[in-house]
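Thanks for passing this one along. Have a look at the model first, then my comments.

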Amino acid sequence: MSQRKQVGLVWFRSDLRIVDNTALFEAATRCDQLIGLYVSTPMQWHEHHIAPIQVDLIRRRLPILRDQLASIGIPFVFKEVADFKQIPQAILDTVKDHGISHVFCNKQYEWNELQRDDNTGHQLAEQQVKFSAFDDCCVIAPGKVLTKKGEAFKVFTPFRKEWLNLFRGLAPSPLPMPDSLNYPFEKLEQSDISITYPPADSMRWPVEEETIRQRLVTFCYEKVEDYHQHRDIPSIDGTSCLSPYLALGMLSPRQCLAVLLAVSPMCMDEPEGGAFSWLNEIIWREFYRHLLVAYPSLCRGQPFQQWTQNVKWQPSSELLSAWQHGLTGYPIVDAAMRQLKQTGWMHNRLRMITASFLTKDLLIHWQAGEQWFMSQLVDGDFASNNGGWQWAASTGTDAQPYFRVFNPTTQGERFDPKGEFIRTWLYELKDVPDKYIHQPHLWPDSGKLNYPKPIVDHKQARLLAIASFKTAKDEY
Ligand code: FAD
């Protein structure tokens, strides 16, 4: 008597790749046949303000994933549901339709996503279907990097030290693509993939496997050595621009580190070098994910530093709009915000400057900025975005102290001395001499410029912000 074949379902979410995908790899070792699934939730993307340019990346990547899976004998099902809450039912339906005995996925650590998986797992268990969720999106899983007392770290530097200790004992070798399976394709029609969302001009971000890998390899071979010197200069193409792929799991951090270590095997012991500096950023990415798991209230809009709940923010739709549209009169802020709006991208240094400007100079709540970034960024990622905003707003763990406030003019002078970046995005300032490019309102000819005067006086705004934070702390 022939034994019934074990059919597994691999549920793809933020892990849109077939190489080094833990859930897919494990599923392929445990089942005879597999089906891949993606459930799209346009309403949820809309409600959570996910940027159309990021959705477009997903939309262009899914057919590639479908074809890659087909090449190893795995058919792909695409479903669209109106509401996030309908996802478990979509999984149950797929399980029923195809006689699935085991569902596999990689964990997402955000609160809603954890609840969704919990719910799905319970409903599957009632149907005697197994559900396995794997740690995959970090090199070292959340909950594994702990203090001597077994607690989560609240500060980055000791976290990094322990992370490196653990990492030294690991070889970050990515998992291979699974061996071919043989699902009888005649039993399942391949899904047509269409995602309803406004189209975006995202062709700057190719989504083919080989192109992404090439970007990683080129960066590690040609740019990583100078990364520490170039990474803060927005007019230099000195960072990897891999964050959109890491955010959607088209690339894994293990793949990144495998190439980095092949190029620079000693980098962990050379903290002054470019390669270490890049590794450091990957560790920041891990740190913010670990924090979400240790402190789930971060997913529910809470600041990490409780006392900062007392800060009296000054909501202003007018000032918020000026910031969003690059009309603050501070050129480095405005150039960055226009680049974001036009392209979905912003350099890390500029994210820090613009976030500081919103939360300190305008004293507008960091959540307004967090939400705006999510609605625009091609690499929008809850953990890194929340971490970055709370760092800049001085409300987070390991945040910059509230009394240290970025001066947008001197930041511009330091990181864009000749105003090259500013002139790229603020066409109206193209004729302003270098001497005035960071303070065009002081240029004797400024009357002919179609550019606003500074909407706040930085010196006064800084004092107000410091006083507001101090009062909040004293009253706590
Ligand atoms: P590289 O400099 O090449 O770094 C390599 C990788 O390390 C990045 O791709 C990214 O995955 C990770 N990384 C780098 N810097 C950081 C950091 N400070 N924190 C966490 N991870 C980091 N990053 C996102 O991926 N999504 C976001 O939504 C996001 N929002 C941010 C909001 C604010 C206010 C701030 C200050 C930072 C934010 N960052 C975010 C972090 C950082 O700005 C981007 O990861 C980085 O600019 C991406 O460029 P890159 O790929 O060239 O990075």
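My notes follow as numbered points.

1. Ground rules. This is a predicted model, so to speak of local features a pLDDT of at least 70 is needed, side-chain atom pairs count only at pLDDT 80 or more, and totals for chains, interfaces and linings use all residues. Residues are numbered from 1 along each chain as its sequence is written.

2. Domains. The chain is assigned domain 1 (7-135), domain 2 (138-175 + 209-294) and domain 3 (306-473); such bounds come from an automatic or database domain assignment. Taken over C-alpha atoms, the centres of domain 1 and domain 2 are 26 Å apart.

3. Domain 1 against domain 2. Here 15 residues of domain 1 are in contact with 17 residues of domain 2, where contact is C-beta atoms, placed from the backbone, within 7 Å. On the domain 1 side, helix H1 (22-30) and helix H3 (52-71) are the elements giving two or more residues. H3 has the largest share, with four residues. Helices here are DSSP runs (H or I, at least four residues), numbered from the N terminus. By class, that side of domain 1 holds seven nonpolar, two polar and six charged residues. The classes are: Ala, Val, Leu, Ile, Met, Phe, Trp, Tyr, Cys and Pro nonpolar; Asp, Glu, Lys and Arg charged; the others, Gly among them, polar.

4. The ligand shell. Which residues come nearest to the ligand? Of the 28 around it, they are Thr239, Ser240, Ser243, Asn385 and Gly388; a residue is near if its C-beta atom, placed from the backbone, lies within 6 Å. Helix H9 (243-248), helix H11 (274-294), helix H14 (348-361) and helix H16 (382-392) each supply at least two residues of the shell, and H16 gives the most, six. Domain 2 and domain 3 each contribute at least three residues. The shell's make-up is 13 nonpolar, nine polar and six charged residues.

5. Two positive phi values. Most residues other than glycine have a negative phi. Cysteine 241, not a glycine, has a positive phi of about 55 degrees. Cysteine 241 lies in the loop between helix H8 (227-230) and H9. Serine 394 also has a positive phi, near 60 degrees, and belongs to the loop between H16 and helix H17 (408-415).

6. Buried or exposed at those two sites? Serine 394 is buried because 23 other C-beta atoms lie within 10 Å, whereas cysteine 241, with 16, is partly exposed. The cut-offs are 20 or more other C-beta atoms within 10 Å for buried, 12 or fewer for exposed, and in between for partly exposed, with C-beta atoms placed from the backbone.

7. Aspartate 179. This residue is in the loop between helix H6 (156-168) and helix H7 (209-223). Aspartate 179 counts as exposed because it has 9 C-beta neighbours inside 10 Å. From phenylalanine 156 it is 23 residues away in sequence and 39 Å in space, C-alpha to C-alpha.

8. H7 on H10. H7 and helix H10 (residues 253-263) pack at about 30 degrees with axes 9 Å apart. Axes are lines fitted to C-alpha atoms over the stretch in contact, and angles run from 0 to 180 degrees between N-to-C directions. Leu216, Val217, Cys220 and Tyr221 in H7 meet Gln255, Cys256, Val259, Leu260 and Val263 in H10. This contact has eight nonpolar residues, one polar and no charged.

Technical notes:
Two residues are in contact if their C-beta atoms, placed from the backbone, lie within 7 Å.
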